[in-house]
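Hello,

Here is the structure for you to open alongside this note. My notes on its aromatic rings follow below.

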Amino acid sequence: MTALTFSLKDNPRLDRWLRFQDDHTVRIGTGKVELGQGVLTALAQIAAEELDLRIDQVRMMSGNSVEGPGEGYTASSWSIEHSGAAIRLVAAEVRALALARAALRLNAAPDELTVADGAFLKNGSPSGIDYWSIAGELDLSAEATGAAAPKPQSAHRLVGRSVPRLDLPTKLTGAGFIQDMVLPRMLHARTLRQPGPGAALLQLDEKIIQRRAGGGVRIVRLNNFVAFVGTDETAVRAAAVAATECAVWDNALSLSPEQATPDWIASQPSDDRLMGDPPPELATDRICARFTRPFLSHGSIAPSCAIALYRDGVLTVWSHAQGMHPLRENIARTVGLSLDAVACHHVQGAGCYGHNGADDAALDAALVALALPDQPIRLMWRREEEFGYEPLSSAMAVTVHAGLDGAGRPIDWTTEIWSATHGQRPGVGGASLLAAHAMKTPPPDRKPFDIPLERGGGAARNGIPLYDIGPKRIELHLIHDVPVRTSSLRGLGATLNVFAIEGLLDDLAGRIGEDPVAYRLAILSDPRARRVLEKAAAMANWSSREAGGAGSGLGIGLARYKNSSAYAAVVAAVEVDEAVRVTDVWCAVDAGLAINPDGILNQIEGNIVQAISWTLIEEVRFGPQGIATLDWESYPVIRFSEIPEIRVELVEAGEYPPLGVGECAGGPTAAAIGNAVAHALGTRIHDMPMTRDRIMKALMA
Amino acid sequence: MNECHTLTVNGHVHELDVPSTAPLLDVLRNHLGLKGSRYGCGLEQCGACMVLIDGVAAYSCSREIGTLSGRTITTVEGLRSAEALHPLQQAFLDEQAGQCGYCLSGILIVAKAFLDRNPDPTRAEIAAALDANLCRCGSHPRILRAVLKAAADMRGKMA
């Protein structure tokens, strides 16, 4: 008996996960959605593997709040671990049920039968029946029991193969996104955003708006939520731009540049939590260092978009948000409909890398659809709306404190963190959808909340080092009163925590004149962590690393994501003059059993590139009108000419369960760059992004 | 005020009755149903909307249709032939060069125009050519490999 997983306990019925369809395919349901990470291909592989199907006999149904399983949000690299494990068990169980039924039909013993491409073979020869001939005799409304054992790794033929992404062909030839969906009689919509919760619209000159739009735009107003609706997308966009310019608000949010800094965050009143071991009783020789990072934007390449239709008392919403069951609950609660009256369907959008404007745009579209029934409403955010109103990733400060023994090795560790929350997804910790604040009765104030460490942690994620140190703890100063919405961005707190922990470790190694890799290995007993560290060092030819201090550097970073998921070690080579240039990155990853090796490499490469961008370039700024970085000129990200050579290798770890990989390399990459820059300069830059000013300041110090 | 504009798009001549100020991108997507060119920023900063205008890669998000009468436009839908994908599209598939894929139309278009001028480029030359195109997923290493591969494949076909 295999233990039922998290997702199966919530969705025990087999038919939520698996259905035989008349066209000789099998529909596999998942609550996890495709964000560009290739998850649907990997889940299809798992299903096809267990059912002995070809991959083209599987149809994925993802993010369907009506018929599919509910699995919360597609987040924290859980999809393969949760949905993959559920699909694997369900598929194995249905295969066993089908095999038993076929054996009866064929008057054979079950062990005489095998399955190939969905057809039953009796002693290796065609039996004339397949899954679909007996599907009607199977009761898939039954609950999963875990009675059928999934295949052992040695029997895998599809799992472990780099099956090409199922969604890529469409995307290379011109379609495939929610932005491209067209429904009959569909209207376009854009919004005027309430500039901060509590802002009240005093005046809106509709004549100016109509003139700029060329007329014919409908204006839908619900308290402080306003939308412009019409058949011509160009006109509704012009209307929204005009409205943003001419609207007069009371109590609009105003920000100061200082509020965007980690120093401001760290100076605010905080809700303090201690996690891990108790504080040390004896004073030891203690070393500490402080590291910071700014607010970051998700920077999705497309503004958020949603389509909604209210017809016959049912509100149907198509969205690229990360969870359709949570979205249904959040929309139903906000607009006052019963759950049965709301249906949410996932359609792919641009990569989001966490909680961006997707959920909020879905509510926006729903509000307009409720006001204008019987017509599909396609509502898209403007670029500046996405930058200005999506949740940010919080600025953070981290001070790492290490107590040392006589040999200069750490024997006590504290990671002290100042941050706003990284968990403000709608419905989590009392958080709401954006436009809920514009309604007559805005939602109640939230209480201080961040994702608990047992669910991976938010700001505290990866705050406990992997190393054998003795007592280790996190002191989290959670800042509640920040004037912008903050939530999850790929890696959450792990990016800065790993940057800080690994930075201090290099400094500690330097104090006793030891090589950073040797220093780490001396305090690292986890064999899987040692293996990726040694592998990355070997890939980078670490043993020939030079003395440093002359403008070229080689640095290393290591973490196990969430201290429970994939291991990643990264080595970065940099050249530093007026700017930091990353020339090469080597990365070794232990992802457990690899479902789709090339898909994993693709995710890790992307995570490395994004982390280079965070570490060297990105920074949200504030101004009197709120968030001031509203386009790609004021919020630059990495470009093609800044991309290093990146080599990623997976270590063979098929004996371990599969682990999510999309976020594992970000922290180690930031750390490796930080350490490489310190190696190149002979002095450390503690603050992200490592800009020209910071390089100059470090060199002057 | 609507006016009639004549435009050749992917080999077909269209008479379009739209305002002269309508952006080319909106016309392609909403009047001609060609959804491959994408709205990313509307500011000529991200490259997701790029198309070929008389063979030259150009932003379409802010380009007014009134400036384009009589011109020839190629979108990502027009890259392939009836029989096969364009070698660039095939190379992107071969290299699995993409994650979310939203930026790919613009990148394919720019790469096409670039390889037409420079059939045997280095990685650095391709990177420089694509520098106006943003990819947020970090698919850059694969995209660079795919364009190199397409260039080699196209040279192979000519030889």
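Start with a charge over a ring: the charged end of A:Arg425 sits over the ring of A:Tyr73, 5.1 Å from its centre. The term means NZ of Lys or CZ of Arg within 6 Å of the ring centre and within 35 degrees of the ring normal. In chain B, the charged end of B:Arg38 sits over the ring of B:Tyr102, at 5.4 Å from its centre.

This is a predicted model, where local features need pLDDT of at least 70 and side-chain atom pairs count only at pLDDT 80 or more, while totals for chains, interfaces and linings use all residues. Residues are numbered from 1 along each chain as written, chains are lettered from A and ligands numbered from 1 in written order, and side-chain values use heavy atoms, without hydrogens and water.

Now the ring pairs. The whole structure holds 9 aromatic pairs over all chains. Rings of Phe, Tyr and Trp (its six-membered ring) pair if their centres lie within 6.5 Å; planes under 30 degrees apart are stacked, over 60 edge-to-face, the rest tilted.

A:Phe20 and A:Tyr131 are 5.2 Å apart at their centres, with planes at 35 degrees, so this pair is tilted. Both A:Phe20 and A:Tyr131 are buried (under 20% relative accessible area; exposed is over 50%, partly exposed in between; 1.4 Å probe, protein chains only). Ring pairs also link A:Phe20, A:Phe120, A:Tyr131 and A:Trp132 into a cluster.

A:Phe387 and A:Trp632 pair edge-to-face, 4.9 Å centre to centre, with 75 degrees between the planes. A:Phe387 is buried at 1% relative accessibility. A:Trp632 is buried at 2%.

Best wishes
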